[in-house]
Amino acid sequence: MIYSIQRYCIHDGNGIRTTVFFKGCQLHCPWCANPESQEPSVQIGYLEHKCSDCGKCEQICPKHAIQNHRIDHQLCDCCGRCVYYCPQEALQIYGEEYSVEQLVQELLRDRIFYEQSGGGVTFSGGEATFQAEYLLKTASALQEKGIHTALESNGLFSSQMCNRLSQTIDQFLIDLKHMDDSHHKKILGVSNQMILQNLHALSDKDLTIRLPVIPGFNDNEANLRQTARFARHLNVPLQLLGFHNMGTSKYHALGLSYDYESIPSMSISQLEEKKEICRQEWKCIL
Amino acid sequence: MNLQLTERNQMFRNALINTVPIISAERAQIVTKIYQENEQLSPITKAALGLKAVLEQMTIEIQDWDLIVGNQADGLRASTINPAVNTWIVDELDKFELRDGSRFHISEETKESIRKIIPYWKNKNVYEKTMALLPEDTTNAMDSLVFTCGYTLSKGCGHWLVNMERVLKEGFAGIEAQARSLRDTCDLSDPDGIDKIPFYDAVIMVCQAVRDFALRYRALALEKAQSADEQRKKELLAIAEICDKIPYQAPSTYHEAIQTVFFLQLIPQIESDGTGISAGRLDMFLYPFYKRDIEDGRITRSQAEELTDQLWLKIASVIQVWNEEDSKSFGGHPISQAITLGGMDEQGNDNTNELSYLMLETTARVHMAQPSVCCRINRGTPDDFLSLCSEVIREGLGMPAMYNDEIAIPSLVSHGIPLDLARKYYAVIGCVEMGIQGKLCAFANSGYFNLAKTLEIMLHNGIDPATHKKLVTGTRRLEDITDFQSFTELYYDYMERLLKHQVRVTNAVDTMHARLVPLPFMSAITDGCIDSGKEVQSGGALYNYDGIQGVGLADVTDSFLSVKKLVFEEHFCTLPEFVTALDADYKGYDELWIRVRKEIVRYGNHSAEADRLARELVRRFCDTVSGYQNLRGGYFIPGMYSNSANVPLGAVVGALPNGRHAYAPIAEACSPSHGSEKSGPTQAALSVASLDHVLMTNGSQYNQKYHPAALQGEKGIRSLSQLIRTFFLSGGYHIQFNVVSSETLRDAQKHPEQYRDLVVRVAGYTAFFTDLNKEIQNDIIDRTEMDFSA
């Protein structure tokens, strides 16, 4: 289950890349910028600013699940008729099934750009390892064609899976959201131990540790320094990603509330400050 | 990259940005008087006398910041007018200040002068003489905007790639000497002498007039020096010394060469009001002067930068006025003075040099809509150069535009240019047109052909639903078409029949330009004219083109796909039913409209079927255009670019089978239609690259728009360079970028006063955003913005 394929991605891995977003994630981080990525099943979103109020969707919904622009998600079976018939593209469907062959075909369309730029395919999400077998099959099919692959992941997978991934994926970009396990558990509901182990195991690979800098959660000096020291210990680069609230409209589209709606996006200069702290310990990029 | 202008150039730039352009009648007044007093003389003699008189009498100025001198008319940004081509101006005198975009000031005194001189030109200007020749079916097609010849019917030929090389080597003294020696061999006992003698006399007269024009600046500089402070006095004396020598004698220093280049760039615009006067490969031609001065310690790099910056600003000061209608097709004062950097030598070796880099930096530093800077890229182009191009592109200027040598050179060769000349002298004319510097007479903008209107007329069995006139007869009827191939063949039949009208107009208008407004200055410097003793628009140049541009490629391609699927494959409706829905602008045909919008994989997603149909459309269009010879012994050559003409050309076309609503803009140039690029910038670029660009010798154009965030950092620069390389490797010819967010553009619409110097890429040229009218502004905002940084 894929919810988006984006081409000309240049900030996630080497060269010009195509990023494929897998749907479904074990975590539900409260700041998540992609709420449509969390559920493993198809969802329908409603973009109010595009809607012309024509009422077409209400008329044609076979389940009568739409009233006054509110989709009753209990009744809706995500058949997609309303999305098809919306003249304004105000309704969107998140999630599409691709076979491995279909997906590989889609990804090969940009092959010439990968070859010219030293780029390739990045698996992202959601959490790509949440659909691990599908991911591995796709990655090895690309590997056979000589396409470079990268994985953006939350790092929550077994050591056995880690081993299999390391044989088919060329580059790893793995989040480390908090060094302090109690904080990690408290906010994310899981321990960071498995993540730390996997980072150890992958440290001889092309690995970057990523710290999504979330105001009030992990942006304190102690955590920044500790994360940087851990990266130094593994001898792998650390990358900071600044919090942004650009996902707000997607929460609204899905009829969800967003705890981080009123938290302002981090500015470049704020992020530079954080980077400077980390750089006192270890090399760090933005 | 140092983005700081020197103080004098900063003053110059501020003055340009804060000066509203004006209309000047001076040139027209002087020329009119000469023509009135010399009716009996041959056209070329009158033209030479007219130019001589203008150069002798026009107001000249030296500003406090000038290191290079020369002005087009009496004002910092002043447009001349040319009533010998078209007298439209007299009808719009009171409208200039009311314009939505491309606004001008005009004084009451100027209006009065213009009203006085216009009657002389009635019935003897290019426009009226051309229109008198045209048959009714042709004017009907033109009235329906099947095509426009607005450019050549209202302005001078323009589109010259000025022969910098020859004048930098020989000066006008060399040209004059050659003309004199050939003049001496002519005699009226030889029938050719009748035309050749006045031609050579005109060339000689112009060479001397140009010398005297420079001497006027010498005198003015000496005069100003008397009251100047020590520092300025030194500068003015240097200006006087330079103008004493060049352009009559060949220059020897970089400063002299730069001044020569500006005179050469300026005088064609005074001679006629043509646009697209292009300076061509300045890095190549000026490099020897730069290198020598640096080696001999005569100049430092920063002095060279200041002079080069000033040349750019001088070029930016040149402005031209368009009539109101044409200003919609050419929004925002596009003077299209192109400079081409990078490229290769006659043997095919890349010859990017230090000046190529310096001039790119100048472009970023000066940050003006003019000159239009173009870069030639080939396999040997250094990565550093491409990388600097990307950095300048990221500055958001829409420049440089990028051009592919590997397409341009075979394309020029296919139209008769020897390989070594194509490699060395190929430069961009005006917007995107391929030219051969100093050797070509190209009526490069002989108008836009409306591919979308052609489809609409075909769908109405030859009748234009807007004018109700029957424009095409004798073809198969739509009702009798039962398969897709016959449908497209019928379209091509219409295209051929309608395009013939545009060729007729072009031949008529070219003839009138040659007969009524000969160009002795351009004839003096363009290779071939002096050897043959012929005026440049009458076949004197070595090579001769006329360019016709198709507009609406994406709309027609997508319409084909739509008809193929819904009519011929799925039988969802019949052709006449489809046309009924189009006539209703899809109102009441929701199901059809939805299917069209949702089920057609459009051009711009690198889908095999769409790309194949688009490629075929390009081929048929190119074959049709290339099938005609022009009257100067050269070719008609096809292009696929639109400038902003996609807006007015769309405004006369009803709904189309691709789901485009009535009167909306059609797709510009080779770009997919708005909102069609569902698969992102790489797939859109591959679709465009899949067209056969070698066939489009008059240039093809592709715009991409990026949000600044998509080009952040080192990686952003590298990736943009790689995108350009890949696009070219895949067969693309031209690509240009608007790097500005739609939020910024919307804000600029609301607060234009805060965005006076916001420059955007319109199409084949850049313009100040606030100089564009609202419709063109909206069109630019609507072009899909690529932002894949999230």
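Author: Helices α9(B) and α10(B) run roughly antiparallel to each other, because of the angle between them: α9 (residues 164-185) and α10 (residues 193-226) of chain B pack at about 160°, their axes 9 Å apart. On this scale, under 35 degrees is roughly parallel, over 145 roughly antiparallel, 65 to 115 roughly perpendicular, and the rest oblique. An axis here is a line fitted to C-alpha atoms, for helices over the stretch in contact, and angles between N-to-C directions go from 0 to 180 degrees. Helices (H or I, at least four residues) and strands (E, at least two) are DSSP runs, numbered from the N terminus.

Bear in mind that this is a predicted model, where local features need pLDDT of at least 70 and side-chain atom pairs pLDDT 80 or more, while totals for chains, interfaces and linings use all residues. Residues count from 1 along each chain as its sequence is written, chains are lettered from A and ligands numbered from 1 in written order, and side-chain values use heavy atoms, leaving out hydrogens and water.

Back to our pair: α9(B) passes α10(B) in a left-handed crossing (left-handed if the near helix is turned anticlockwise from the far one by less than a right angle, right-handed if clockwise). Zoom in on the contact (heavy atoms within 4.5 Å), and on the α9(B) side you'll find residues including F172(B), I175(B) and L182(B), while I197(B), Y200(B) and V203(B) are among those in α10(B). The residues of this contact split into ten nonpolar, one polar and four charged. Ala, Val, Leu, Ile, Met, Phe, Trp, Tyr, Cys and Pro count as nonpolar; Asp, Glu, Lys and Arg as charged; the others, Gly among them, as polar.

Now try another pair in chain B. The axes of α13 (residues 282-295) and α16(B) come within 8 Å and cross at roughly 110°, which makes these two helices roughly perpendicular. Their crossing is right-handed. Here L286(B) and Y290(B) are among the α13(B) residues that meet α16(B), whose side includes L355(B) and M359(B).

D405(B) pairs with R376(B), the closest N and O atoms being 2.6 Å apart. D405(B) sits in helix α18 (residues 405-414) and R376(B) in strand β5, so the pair ties together parts 29 residues apart in sequence. Over all chains, the structure holds 66 salt bridges.

Next, the meeting of the two chains. Here 23 residues of chain A touch 31 of chain B, and about 2400 Å² is buried, with carbon and sulfur atoms giving 56% (accessible area, 1.4 Å probe, that the two parts lose on being put together, summed over both). On the chain A side, Y8(A), Y84(A) and F113(A) lose the most area, together 30% of what that side buries. The interface has one salt bridge: E89(A) with K678(B), closest N and O atoms 3.7 Å apart.

Most peptide bonds are trans, yet the one from Q370(B) to P371(B) is cis, with omega about -10°. P371(B) lies in the loop between α16 and β5 of chain B.

Terms used:
A salt bridge is a side-chain nitrogen of Lys or Arg within 4 Å of a carboxyl oxygen of Asp or Glu.
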